[in-house]
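The entries follow in the order I made them.

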Amino acid sequence: MEGTIGIALEDTELLADFCGANDCNLRVIERLFGNRVFCRGNELFLENCDPQARLLFRALVEGFLESIREGMPPGPDLILAIHASLTPLGADPCAAGEPGFLDSCIQIPGGIGKVFPRSANQSLFLKGLASHELGIAIGPAGTGKTYLAVAWALRELLLKAKKKLVLTRPVVEAGENLGFLPGDLAQKISPYLRPLYDAMEALLPGEVLRRLEDNHAIEITPLAYMRGRSLSNCVVILDEAQNTTREQMKMFLTRLGENTQAVVTGDITQIDLARKSDSGLVHALSLLSRVEEVFVCRLDGRDIVRSPLVRKIPAAYEAE
């Protein structure tokens, strides 16, 4: 039986956060439910909804309010994240009181706000990192692989659980031959490592990041320079791992020393090697997926959070 559900909110400030600027959050909820959503007085209403939609709407409102009380930004992204966790691809809306993927929130000491997963798979990624020595995340662009890995690693570093953060990437050009690059070594490799800096700058104030770099607590280096090293008591992130060769991947994985955790991220649909079959990431997935200490998280188009447009692009290419 269809009807209208109303939910009263006593805190008018929370009500304003829920509605968003010019009711932008309400418009997002309307698209998700396919029914009109509106506010009257201190109540939120969803029209023409069946019993299952009423449960889902109530769980969405409660989850949203709890999240913004925890300091999460009250925008459309949060609405979409909570809805994704409550739909059949995520949790049962009837179990709204049970811990959800938003419980995987990362608080970086001295960081810029909290970082929280925006899909169930992103939450699985973070939970896997909490319980495994090696975490591998594969998925298309925009699924937050690098961002979440860097956030996790920075928290470990600033909580002093680890003494150092090492970030590395293979230096492979994406379909272009850039030729000779001027400058010293740091200037030559900087363009390849820029995405790692972007992630850290989004998570930490500039002065904190500079202090960590000055103290050599953060090191960003090309993968080729990892040979011969033994990394102990640190977090190591290998980004863009789809562009490693089999030999490079083996070399990286055998660098891991005592009390070291490794995170490997990559997109196996964007391999820039001359022969895609040479990808060290693809090879490692086939070898390590059953190793107990290794956690593999497979993200897909539903986990893309970069923008609504980016969410549609991989699907368009796959349908070609």
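**Entry 1: Glu-156.** I began with one residue and noted that the model is a predicted one. Is Glu-156 buried or exposed? Its relative accessibility is 13%, so I put Glu-156 down as buried, the cut-off being under 20%. I located Glu-156 in helix 6, which spans residues 145-158. Leaving out residues up to four places away in sequence, I found Glu-156 touching Ala-161, Lys-162 and Val-235.

**Entry 2: Trp-152.** I stayed in helix 6, where Trp-152 also lies. Trp-152 counts as buried because its relative accessibility is 7%. I listed the residues it touches, again not counting those up to four places away in sequence: Ile-106, Leu-126, Leu-129, Ala-130 and Gln-261. I also looked up a C-alpha separation: Trp-152 and Val-235 are 83 residues apart along the chain, and their C-alpha atoms are separated by 9.2 Å.

**Entry 3: the cores.** Next I asked which residues have the most contacts inside the largest nonpolar core. They are Leu-154, Leu-165, Leu-167, Met-200 and Ile-218, in a core of 36 residues. I noted the elements that give two or more residues to this core: helix 5 (120-131), helix 6, strand 7 (164-169), helix 7 (185-203), helix 8 (206-214), strand 8 (218-222), strand 9 (234-238) and strand 11 (294-298). Helix 6 gives the most, with nine residues.

I went back to Ile-218 for its contacts, leaving aside neighbours within four places in sequence. Ile-218 is in contact with Leu-154, Leu-157, Leu-165, Leu-167, Met-200, Leu-209, Leu-212 and Glu-213.

Entry 4: In what order do the six strands of the open sheet stand? I read the order as 8-7-9-10-6-11, with parallel pairing. Strand 8 and strand 11 are at the edges; each has a single partner strand, so one side of each is left without a neighbour in the sheet. From one strand to the next, the twist averages 15°.

Strand 6 (residues 134-138) and strand 10 (residues 261-266) pair in the parallel sense, and I noted five bridges. One residue I followed was Ile-138, whose bridge partner in strand 10 is Gly-266.

**Entry 5: helices on the sheet.** I looked up helix 5 and found that it lies across strand 6, strand 10 and strand 11. Helix 5 runs at about 170° to strand 11. Helix 10 (residues 280-288) also packs on the sheet, where it touches strand 6, strand 10 and strand 11. The direction of helix 10 makes about 125° with that of strand 6.

**Entry 6: helix 9 against helix 10.** At what angle do helix 9 (residues 246-253) and helix 10 pack? I wrote down about 60°, with the axes 8 Å apart. That angle makes helix 9 oblique to helix 10. The crossing of the two helices is right-handed. For the residues involved, I noted Arg-246, Met-249 and Leu-253 in helix 9, which meet Gly-280, Leu-281, His-283, Ala-284 and Leu-288 in helix 10.

**Entry 7: a hairpin.** I turned to strand 2 (residues 37-40) and strand 3 (residues 43-49), which run antiparallel and are joined by four bridges. Val-37 stands opposite Leu-46 in strand 3. The hairpin of strand 2 and strand 3 has two residues between the strands, and Gly-41 takes a positive phi near 65° there.

**Entry 8: Cys-24.** I found Cys-24 in helix 2, residues 24-33. With 30% relative accessibility, Cys-24 counts as partly exposed. Apart from residues up to four places away in sequence, Cys-24 touches Cys-19 and Pro-76.

**Entry 9: the whole chain.** I finished with totals. The chain has 11 helices and 11 strands. Of its 320 residues, 45% are buried. Among contacts in the chain with a separation of 6 or more, 71% are between residues 24 or more positions apart.

How values were computed: Residues are numbered from 1 along each chain as its sequence is written. This is a predicted model: local features need pLDDT of at least 70, side-chain atom pairs count only at pLDDT 80 or more; totals for chains, interfaces and linings use all residues. Side-chain values use heavy atoms; hydrogens and water are left out. Buried means under 20% relative accessible area, exposed over 50%, partly exposed in between (1.4 Å probe, protein chains only). Contact means heavy atoms within 4.5 Å. A nonpolar core is a set of buried Ala, Val, Leu, Ile, Met, Phe, Trp, Tyr and Cys residues joined through side-chain atoms within 4.5 Å. Two strands pair if DSSP finds at least two bridges between them. Axes are lines fitted to C-alpha atoms, for helices over the stretch in contact, and angles run from 0 to 180 degrees between N-to-C directions. Angles under 35 degrees count as roughly parallel, over 145 as roughly antiparallel, 65 to 115 as roughly perpendicular and the rest as oblique. A crossing is left-handed if the near helix is turned anticlockwise from the far one by less than a right angle, and right-handed if clockwise.
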